Amino acid sequence: MIADAHLLRPSWVEGKPTLRQITDDVSRPLTARPTLGWWACFAVASLALAWGAASATYEVATGIGTWGLNKTVGWAFDITNFVFWIGIGHAGTLISAILLLFRQKWRTSISRSAEAMTIFAVMCAGLFPLLHMGRPWFGFWIFPYPNTRGPLWVNFRSPLVWDVVAISTYFTISFVFWFVGMIPDFATLRDRAAGRGDRWRRKVFGLLSFGWDGSWRTWSRYEMLSLILAGLATPLVLSVHSIVSMDFATGLVPGWHTTLFPPYFVAGAIFSGFGMVLTLLILTRKVMGLERYITIRHLDAMAKITLLTGSMVGFAYLTELFLAWFGGNPFERAAFWNRATGPFAWAYWTMVTCNAILPQLLWSRRVRTSVPILFVLSLLVNVGMWFERFVIIVTSLHRDFLPSSWWFYKPTIIEVGILVGSFGLFFTCFLLFIRALPMVAMWEVKGVAAAAAHAGEAHA
Amino acid sequence: MSRLVAVFSEESSLLAAVRGARAMPDHRAAIVDVYTPYAVHGLDEAMGLPGTRLPWVTLAGGLCGMAGAIALQVWCAVLDWPLDVGGKPHQSALAFLPITFEATILLGGLATAGAFFWRSRLSPLAEPRPVAAGVTDDAMALVLKLDGAGPDERTALHDLLLAAGAREVREEDR
């Protein structure tokens, strides 16, 4: 019966590499010259970043009136982008923390890059509320600190203040988790950089590795630290998007004022995040030559989570529609009717198609294991989830209770520029990350590879 | 201190050697430490290390964060400058929950990470002292204390380590 043990419990690393090979495979790209593909991606990303920086500079110098928010839709593109980027980050924490608690071994080779994605996505997200303030240099006013204005304190009953606390906590804990996870790998890279030309590399990784020497007493505590951080990050990540959803749900605007929002937003966040992880990893495994560690089976597993969360999002759309009809509130009904048939119907149906309908293709194993189809689907998920936030924000705001203030919202070139720039920032950071830091957690993969080797021996 | 360093390339040999060394009569061969490139499953039990107390630090940090956040919010919004916001009570305990929760997580996590670094003596300026080449790559090392061991015991230990599968055994003084 156990003859096919490797089928029952297959290895998550292809071709049984030795420990030394794992170190080599992961570290090689860090010292090799960047490939042409990397340079091409980097050129596009930094161009986008430059365009965004120029747009943001113009906006800060002139005022937020440079956005299309002078009438009715006071949040313009800005909060759509903010919620979109925060959502992207959630998949990283899910992979690194929640799957750790569930002892999912397949997370090991993708967790590092997914966590990096979280950090960069939260950085992009934080940019938008800051720019929306108009005078970003006063951004610190949102924190409660003794001041000469009374002291006048922030309003702790406001979800916007909760948001600030939740997102700064999320960023800090994610960063600590990410950094602590890299310390053993920094030590590996430090010890590899023994050549004469490697002085700087040795110095930098020496500082970053905190003097790690592989001592088991340290490992033992380290495992506990990872477990605790994972246990803390899990409720944290659920709270972050719940709080983001309360920015809407505590308002009275039709289409926002619903208790469905926290779970709906969390599912959507994980869904969009997995879309982004798939996009990134399908590209990087190719560009960095890591197909052996980020296998088709990893993509398959991620596709399954995308299918699950996508179905949850689809279910939430139906629940929203049902409650709008069944709740009997005429304003709510009008808001949803307007979403599906009004001037932004194209955005609504893009969202439904990309998020609820197309991911259903992932029921098929053929689709889940076909890299090109998966790549296209992952891009469509990103598009769909961006439109979800656009639909929630813009369609609810552009026609609220007062028909005299109804308006059609159009973004300006400056807003588009800042959105493009945020993608530029994200990809620039990610591309530098895969060049400068080990994008696969070597020590974790070694543990999984060794465990698989022993399981194989035991069955043989 | 005189000590014995054995280098392994397989975690099964390392585990066998650790178990063997601990089973040695009269326990002269105390294990100083083991050095591995990854977290070897089952090594905690094999070495019989006492469990870490880090979770208590998390609890203490979390409680501090919780108490601090409640104190800050109540003091600011109720005692120092009560503001009427939409007719809500000054002491809006439920509305203070999200920030309290986040502060609990934040301080719990930071305290645990800080305690870990402090207890393991890890810092950017810490000088690594690799016990054998490759313990951060593909080698595992077991370090035994040799003080007070006679020649017979030394030979027995050498034999035990080699029998377990050590690829290199050496004595060193430091």
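**The contact between chain A and chain B.** The contact takes 51 residues from chain A and 58 residues from chain B, where two residues are in contact if their C-beta atoms, placed from the backbone, lie within 7 Å. On the side of chain B that touches chain A, H4(B) gives the most, with 14 residues, and that side divides into 34 nonpolar, 13 polar and 11 charged residues. Here Ala, Val, Leu, Ile, Met, Phe, Trp, Tyr, Cys and Pro count as nonpolar, Asp, Glu, Lys and Arg as charged, and the others, Gly among them, as polar. This is a predicted model, in which local features need pLDDT of at least 70 and side-chain atom pairs count only at pLDDT 80 or more, while totals for chains, interfaces and linings use all residues. Residues are numbered from 1 along each chain as its sequence is written, and chains are lettered from A and ligands numbered from 1 in the order in which they are written.

**Chain B as a whole.** Chain B has 5 helices and 4 strands, which are DSSP runs numbered from the N terminus (helices H or I, at least four residues; strands E, at least two). The C-alpha atoms of chain B fill a box of roughly 85 × 30 × 30 Å, taken along the principal axes.

**Helix H2 of chain A.** A kink of about 25 degrees lies at A:Asp25, shortly before the proline A:Pro29, the bend being the angle between axes fitted to the seven residues ending at a residue and the seven starting there. A:Pro29 is one of the buried residues of H2(A), together with A:Leu19, A:Ile22, A:Thr23 and A:Val26; a residue is buried if 20 or more other C-beta atoms, placed from the backbone, lie within 10 Å of its own.

Notes: Buried ≥ 20, exposed ≤ 12 C-beta atoms within 10 Å, placed from the backbone.
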